[in-house]
Amino acid sequence: VSEELVLEVNGEARTLVVSPWRRLLDVLREDLRLTGTKEGCGEGECGACTVLLDGQPVNSCLVAAGQCAGRAVVTVEGLARKDGGAEILHAVQRALIDHGGAQCGICTPGIAVCAAHCIDAGLVAGSDARGRVRELLAGNICRCTGYQLIVEAVVAAAGAK
Amino acid sequence: MELSEPVGEAVGRSLPRVDGVAKVTGRARYLDDVDAAGAWHGVTVRSTVAHADLDALELDPAFDWSQVVVVTAADIAAGGGKNLVALLEDDQPALVPVGGRIRHVDEAVALVAAPTRALAFAAAAAVRQRVTPRPAVLSIDDALAAVTVLHGADNVFKRFMIRKGHGDDAGLDAAFAAAARVVEGEYHTGAQEQMYIEPQAMLAWWDGATARVTGSMQCPFYVHKAMKALLGCEADGVVVSQTVTGGGFGGKEEYPSVIAAHAVLLARKAGRPVKILYDRDEDIAATTKRHPARVRHRLALDARGTPLAMDIDVVMDGGAYVTLSPVVLSRGVLHAAGPYKCPVVRIVGRVMATNHPPHGAFRGFGAPQTTFAYERQIDEAARMCGVDPLVYRRRHALRSGDTTATDQELTWSVGSDAVLDAVERVAGPPPVRDGTAAGGAALRRGRGLAFYFHGAGFTGSGEQRLAGRVTVALVADRDDGFRIEVRSSSTDIGQGAITTFTQIAAAAFGVDGSRVTVVDPSTEKVPDSGPTVASRTCMVVGALVERATRALRGRVDAAGGDPAALVAGGELVEHAQYEPPPGIHFDDATYTGAAYPVFGWAACLVDVAVDLDTGEVAIERCVHAVDVGKAINPVVVRGQIEGGTVQALGWALIEKIVYRDGKVANASMTNCIVPTFADTPELETLLVEVPYPYGPHGAKGVGEIPMDGPAAAVANAVGDALGCRFDAIPIAPEDVLAARPRWRLA
């Protein structure tokens with residue numbers, strides 16, 4: 001049974017009529033056509049579907065639409081800001097490009113969202129920033145890079161902020 | 001405009017990926033992101049037994065079939081095609097026909113499509129199979145015993161033999177009789193899932209009489225060939241194109257022909273586009289994996305420890321159909337003696353038919369299995385002789401002028417000393433033996449080394465037979481006057497092919513990379529440059545891109561040097577086709593000669609800490625030196641090496657496929673695990689460049705070699721830590737603890 005769902009997505013208020021049992025992932029991809037959020041496993045293991053829910057990273061394949069009522073969702077499409085007509089990428093998006101942290105790219109949106117959150121919340125800090133990044137991003141699987149270039153990108157972006 | 005000298009500042013620099021912005025913003029469109037209005041969802045009905053006769057398919061009469069299309073094997077012949085997945089042999093059906101034989105669990109027996117995915121899944125569950133089970137062959141030993149025969153007289157899909165330095169088995173025995181000591185071992189390596197993060201996905205529709213297929217794939221022309229046979233059409237009867245592909249690693253080499261076949265059959269019957277997306281569990285359960293292997297290796301040494309002879313027996317589990325198994329085995333045996341001088345070598349290889357889902361292409365392609373065996377053997381030899389493992393390897397490594405097991409004389413680009421030197425320079429002292437884990441458990445540390453080579457490009461005469469082609473065009477551009485367009489069927493699957501080709505073409509034409517476009521591969525728009533496999537894209541196809549682009553530049557120079565003026569009347573094109581380097585000949589009948597035009601070389605050093613309470617192995621350090629000839633884009637090359645390294649570390653320690661009655665018992669990412677950020681050490685990657693005269697700017701293949709050796713380095717390190725042998729991977733904590741009676745911690 002569909003119900004009205006009011007939530008904020010990437011800073012905009014949205015009103016949808018959907019079943020509250022549907023996965024947030026599907027609502028984002030199918031109803032809102034925000035296809036940057038990817039499905040890699042559907043069981044919360046790979047992290048490709050990571051979005052922020054009220055500022056905290058979640059696997060959107062494990063969140064029901066009904067749980068998002070009145071809450072704020074940020075997807076990869078919401079990381080960059082607009083400055084006039086220009087798109088200003090988030091520091092971690094820029095760093096992922098500059099450091100070679102994206103290869104096939106299917107895990108990249110989830111990693112960018114999670115890493116952006118960690119950087120913005122000041123979590124990437126201390127003497128062992130690399131080790132910290134490895135803990136913070138342990139829920140996001142990448143099969144291409146071996147992680148090293150992503151770690152370097154995130155640490156660099158954290159320093160650049 | 002002024003063109004610069006065509007030597008190119010674009011090469012050797014880590015320019016940002018051409019597709020970088022699209023990927024970090026989520027705008028890159030993978031198959032499931034493509035807007036396919038009106039497309040139905042296809043779902044595969046799969047077998048539940050490993051070996052059986054399929055007696056009947058029944059549609060549950062209680063189910064409402066009015067909105068569902070069902071396809072069976074009968075629809076294929078009715079459409080004028082052949083029920084097969086054309087590859088090397090014609091043994092694999094696209095769908096098991098009623099009256100035919102089910103040969104593995106999760107084999108496709110029927111297809112359904114419906115307007116929603118949920119309805120399609122419900123319909124698939126309402127297709128009943130009546131089967132008569134047969135005895136199944138579910139191990140290499142059972143296949144060799146041949147009590148149940150699945151293929152030929154003895155279950156052997158393919159057999160190879162290599163002999164060097166002796167005429168017959170008596171000659172081999174004589175060489176072993178002269179040995180002061182013999183190192184022996186039996187090595188087991190398991191199946192491995194590619195675990196690309198984008199599951200297999202394909203969309204098909206019919207445009208009049210033309211079938212159109214698009215999706216996630218490495219090799220558009222493999223799919224094209226398979227569709228021609230399936231549909232019984234000519235080359236122009238089907239168009240295949242690649243969407244942005246979320247990883248492949250071999251898993252999207254041959255398998256996409258299966259899912260493409262299913263989508264195209266459903267689309268024809270449904271009269272509308274049909275999309276098939278595999279769920280992760282389906283993808284793990286049904287698609288190809290690395291061949292499990294058993295390698296028996298005997299190494300004869302003289303009194304000083306010098307190798308006199310090797311006797312190697314390689315057996316792989318091919319699964320239910322031939323697929324690419326003969327080629328995987330070929331690469332396996334061709335690498336089985338390793339990069340070591342040895343006058344007498346016998347290598348026997350067999351790949352067996354079983355009732356497992358077919359094993360297939362995975363990065364390394366047979367070489368990681370045989371590399372694991374010889375690098376364990378060489379480590380044992382060094383230990384037995386009391387020689388430092390690095391010194392032993394250096395002493396016996398192949399160098400220029402030496403011959404491989406196939407009597408190939410190495411003439412150029414031999415990086416053995418360079419990679420060993422690179423590792424030695426940074427190695428430092430071995431790790432402190434004993435330590436304490438955070439939780440208080442005792443730790444025991446060890447160090448392991450591996451040294452290996454990997455033939456780049458197709459085996460033997462493969463590149464000549466394929467004769468890959470590339471087109472480079474000078475095309476008019478409204479804003480900038482002209483552009484360079486690179487057309488090939490080589491796909492970017494994350495490895496950076498688009499960026500690498502852009503840099504090669506930009507350098508060869510003498511322009512900035514922003515003027516180069518690498519077109520998306522579609523069989524109606526690009527020539528067949530061959531499949532995206534075998535560490536060949538940069539080295540072989542990149543060389544063609546360079547040659548064609550230089551020829552184009554030559555024409556521009558001859559015509560006065562103004563590309564924009566020259567192209568005003570229409571595009572200018574140059575084609576390039578593969579030609580072998582001089583002196584490269586391989587004899588397929590005797591398996592002698594130049595198996596590969598050139599080899600990449602690598603050395604890997606691993607330090608581990610073993611938790612003596614839990615048996616857990618942590619990799620504390622991983623140094624990997626790889627000779628790549630020339631890094632066109634060093635960051636792209638690092639990405640290739642590091643990604644392959646971690647896949648190899650995972651294969652060594654945690655990646656395991658559990659088959660139960662022929663079915664993958666751990667078909668989910670929860671229990672079929674791969675390394676995470678937290679499992680992976682800081683990687684020390686050393687790029688070594690010993691140029692290959694026939695590669696673009698000296699480049700040679702890099703895609704696969706990093707997969708070959710790290711697993712042996714890990715096993716050698718665990719062995720060093722605990723003082724006993726580890727000859728099978730993965731080395732799970734329970735394996736470490738089970739070996740406790742053999743530990744020698746003194």
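Author: Start with buried area: the accessible area, for a 1.4 Å probe, that two parts lose on being put together, summed over both. In this predicted model, chain B and chain A bury about 3,900 Å² between them. Carbon and sulfur atoms hold 56% of that. On the chain B side, Val24(B), Ile197(B) and Phe677(B) lose the most area to chain A. Together they make up 23% of what that side buries.

Reader: How many residues does each chain bring to the contact?

Author: Chain B brings 53 residues and chain A brings 46.

Reader: What makes Arg143(A) and Glu655(B) a salt bridge?

Author: Their closest N and O atoms are 2.7 Å apart. The cut-off is 4 Å, between a side-chain nitrogen of Lys or Arg and a carboxyl oxygen of Asp or Glu. The pair therefore qualifies. Between chain B and chain A the count is eight salt bridges.

Reader: Which residues are closest to the centre of the second largest pocket?

Author: Glu30(A), Asp32(B), His41(B), Arg117(B) and Leu277(B), out of 39 lining residues. The pocket holds about 990 Å³ of space. Helix 1 (24-31) of chain A supplies at least two lining residues, and so does each of helix 3 (117-125), strand 12 (274-277) and helix 8 (280-286) of chain B.

Reader: How do you know that chain B can be read in detail?

Author: Its mean pLDDT is 97, and 99% of its residues reach 70 or more. For the complex, the predictor gives an ipTM of 0.98 and a pTM of 0.98.

Note on methods:
Residues numbered from 1 in each chain as written. Chains lettered and ligands numbered in written order. Predicted model: local features only at pLDDT ≥ 70, side-chain atom pairs only at ≥ 80, totals over all residues. Heavy atoms only, no water. 1 Å grid on protein atoms, 1.4 Å probe; cavity = no way out; pocket = protein on both sides within 12 Å on 5 of 7 lines; lining within 4 Å. Points joined across faces, edges and corners; volume = space filled by probe spheres on them. Helix = DSSP H or I, 4+ residues; strand = E, 2+ residues; numbered from the N terminus. pLDDT = per-residue confidence, 0-100. Contact = heavy atoms within 4.5 Å.
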